[in-house]
Every structure is written in structure tokens, then in C-alpha cells.
Amino acid sequence: MLNPDILQWARKTAGLSLEEAAHAIDLKEAHGTAGRERLAAMEAGNEEPSRPLLLRMAKAYRRSLLVFYLEQPPKTGDRGKDFRTLPGGMEPQYNAVLDALLRDIRGRQSIIRSLLEDADAAKLPFVGSATVQVPAPELAALIAKQIKFDLNRFREQKTIAEAFAYLRVQTEVSGIFVLLLGNLGSYHTNIPVDTFRGFALADDIAPLVVVNDNDAVSAWSFTTLHEVAHLWLGDTGVSGWGGLAVEQYCSDVAAEILIPPKELEEFTGIGKQTLDQLAGRVSQFADRRNVTRPMVEYRDFRTGTITEKTWEDLRDRFYKDWIAHTEREALKQKARDGGPSYYVVKRHRIGKALLGLVDRSIGEGFLTYSKAARLLGVKARNVEPLLSGATSARGVE
């Protein structure tokens, strides 16, 4: 008999309520008992699930079928290092959806690595090539050189989204896959940015950077470079708002690339201005450079231009502004009749590098449509339409 604790653990770590899980595994009402109640009975050990139902659970919960036959629930999935910390040194609260997402990312990465190994891809020597003893400006220069990042071209882009697209292409051409993922495929499973902002998976053949796309678009470039810095350190792990000393180091590296120190000289002597005046100056400075306001005030604090108290006040103000902006945009979106198509959104989140790899691998017979669906995070029937018109980022400038 199955251990019912396994059933409950698998559902909860997939981030699903009883009702959501019953729907996902197509557990219908029987003999007057609703699906969610039947599932609760199974998790209590009062009813045994059939094998077909277990197969549906394995798919919906993103677990191997063998897991359900274990004696005890396994330990939490390997997140790598957790660079996040909370005030007072508390550990971040466990988030089942985040854990499921990171398991999914690791699964995708193993497929990517296998495909690249089959294609005799060369190892990437920059992964794990640095330590925190390397001065942040020096590592910033090494990264910019490796990905051929041109700050002027980044700033010449008409919008922040286009600036990120430029950075993403440069990063992916260097061999790093950049994914925009903030849920398990549905907005119902959105992971807030105060839970995680990015994830780095260091690998010398298939390194991955994941950016939580629930964050402001203006923050994506900074998060990408922050996670890229983790790759140079050979780190695999999840990043959040605050964190360990290595988080500060990676933030310094990312900020060094996007805002050279000399440019901050225009903030000299602004310490006596009001918070409103400072916020205005920071906003204008950030807008001209396609970067976030929080990154600018962080740089000002790190260089001693503003005090820690002023930095915290600005940070709180900008965060509240962002929350208000997000709520306004959500209302506007509801009022619109349409929006970008499903495939346009999916392609954007997946990125040209991964789309190109999947397209080539299917064409060369290395990848089945079912595995391609797992890799792309879609159903098998959606693979062909998704790839239609997609262009590989390999070699694209």
C-alpha cells in the first residue's frame, strides 16, 4: 500500500490545493463524493489511487512515478545555494511553487546538456573561473568582454524591453541560456519577486540564467547580469531581494557593467536634497540609461553618495511606486480585448537560443516531440506552432 504522506507531499510541493490538484489529475465526482474530497481521502489513507490515476498525478505534480512508491517523502529538491536572507538572519520561508519550478528548471537543463553533448559542444571555460577575491570592476570587465556587451548599444535601444533583448542576445550567443520564468505555466502559480528574483545554474556546457518575469521589465537586465556573475563564480542557487555577501558582490558586478562609477559623479552633493528631489534625479538618470531606479540608488549608496537611511527610504518609495504601477497595468490589461498571442509570449519567455536548439535537435532526430514539449514547457501539440517562425540566436547579432 502507498504511503498517503507521499501523496500529500507531492501535491503540496507542486503548489496545488486539493481542488486545483483534483482538477489537474481529472479526479471527478463519484458516488456523490467530489473530486477534492476523494483526493483528501486518498491522502488520509482511506482510499487507494489506481495506477492510471498515479500516472496522472506524476504528470501533474512533475514527479517520477517511482516517487509514489517510496516509504517516506524525499527531502526538499536541490536548490543549490540559497543566497537569500531576511532581516534578523532568518531563513526564507519554504515556497512549494518555487521548489517545483526549480525542479522543472533542473530537468530542462539536463535535457539541454544532453543535446549539446550529442552535438559535441565545447565546454565554456568562463563558468567557475572567478572568485569573490576578484575586484568587482575587474570581473565586470571580463563579463562584458566575454559577452561582447556594448553599453552604448544597450542605451541606444528605444525601450527598456529592447535594451534587455539586446543584452539577452549577447548573453545567449556566449553560450548562456536566459529564460523568463515566474510560474509553472499559469498565472495562478505566479511567484512573487520577494520570494525569488533570479536563479543561476552553473554548468560548463549548458549554463542557465532564470529571471522572474513577474519583476519589473526594467529589472530584468540587472538580474540577468547578477546571475551571470554567479555563473562566473561557479554558483548554482536562488537569489532574492537581500542576501549573503556574495549577493552584494554579484550586484556590484552587475551595476558596474550598467553604470560606470564616473557617471555617478553627477550625484555629488545631492545629500541635502529632499526625498522628492532625490527621487526625481534618480528617475531621470535611470530613464536615460534603460536601468532601474533601485539600481541607481543602490549604486549611490555603495559609492557613499547617499546614506544608508536615504537609500532605504528611496528603496521603499520606489518599491511602493512599482506596486502601484503593477496594479494599474493589471487593470488596464483586464480592460483590453486582446494582447500578445500565447505563442508570442511563450517564445519571449523561452528565448531564441533554446528555441533554436530545440528546432535543430528535432530536425536532426536527436529530440522527440514529447521531450521537446517538456523542455519548452508546453504540450506536445504546441511544439510545432511554437517553433514556427522562431529564429536561432546562435550567431545572431
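Me: How many bridges join strand 2 to strand 4?
Reply: This is a predicted model, in which local features need pLDDT of at least 70, side-chain atom pairs count only at pLDDT 80 or more, and totals for chains, interfaces and linings use all residues. Residues are numbered from 1 along each chain as its sequence is written, and side-chain values use heavy atoms, with hydrogens and water left out. Helices (H or I, at least four residues) and strands (E, at least two) are DSSP runs numbered from the N terminus, and two strands pair if DSSP finds at least two bridges between them. Strand 2 runs parallel to strand 4 (residues 208–211), and the bridges that join them number four.

Me: Is aspartate 26 buried, partly exposed or exposed?
Reply: Aspartate 26 is found in the loop between helix 2 (18–24) and helix 3 (35–43), and its phi is near 55°, a positive value in a residue other than glycine. Because its relative accessibility is 40%, aspartate 26 counts as partly exposed.

Me: Is lysine 148 buried or exposed?
Reply: Lysine 148 lies in the loop between helix 6 (136–146) and helix 7 (151–156). Since its relative accessibility is 63%, lysine 148 counts as exposed.

How values were computed. Buried means under 20% relative accessible area, exposed over 50%, partly exposed in between (1.4 Å probe, protein chains only).
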